Amino acid sequence: MTVAEALALGERTIEMIDEEVPAHALERAPEFFEDIRDKTQQVLETIEQRQSVSPNQARALQGWQNGVAKWIR
């Protein structure tokens, strides 16, 4: 995964939380979404600073997005 792809993936995950997750899901699991948002932001900041993406960071970003997507379906 490239830096650009990782940044886009993370930004999309945050966008999904802000705009697509239903209100009832946010009410049922507010800590989950806050934690995902915080961790995603932290990883994005590290990727931007280092201008590289580790396999673990790529896996985490994809996993977090998959987790958020399950609440949207």
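**Terms and values**

Author: Of the contacts (heavy atoms within 4.5 Å) between residues at least 6 apart in sequence, 72% join residues at least 24 apart. This is a predicted model, in which local features need pLDDT of at least 70 and side-chain atom pairs count only at pLDDT 80 or more, while totals for chains, interfaces and linings use all residues. Residues are numbered from 1 along each chain as its sequence is written, and side-chain values use heavy atoms, with hydrogens and water left out.

Reader: Why is glutamine 57 called buried?

Author: Buried means under 20% relative accessible area, exposed over 50% and partly exposed in between, with a 1.4 Å probe and protein chains only. Glutamine 57 has 14% relative accessibility and therefore counts as buried. Glutamine 57 lies in helix 4, helices being DSSP runs of H or I with at least four residues, numbered from the N terminus. Leaving aside neighbours within four places in sequence, glutamine 57 is in contact with Val43, Thr46, Ile47 and Ser52.

Reader: What makes up the largest nonpolar core?

Author: A nonpolar core is a set of buried Ala, Val, Leu, Ile, Met, Phe, Trp, Tyr and Cys residues joined through side-chain atoms within 4.5 Å. The largest one has 21 residues, and Phe33, Ile47, Val53, Leu61 and Val68 have the most contacts inside it. Helix 1 (3–19), helix 3 (30–50) and helix 4 (55–72) each give two or more residues to this core, and helix 1 gives the most, with 7 residues.
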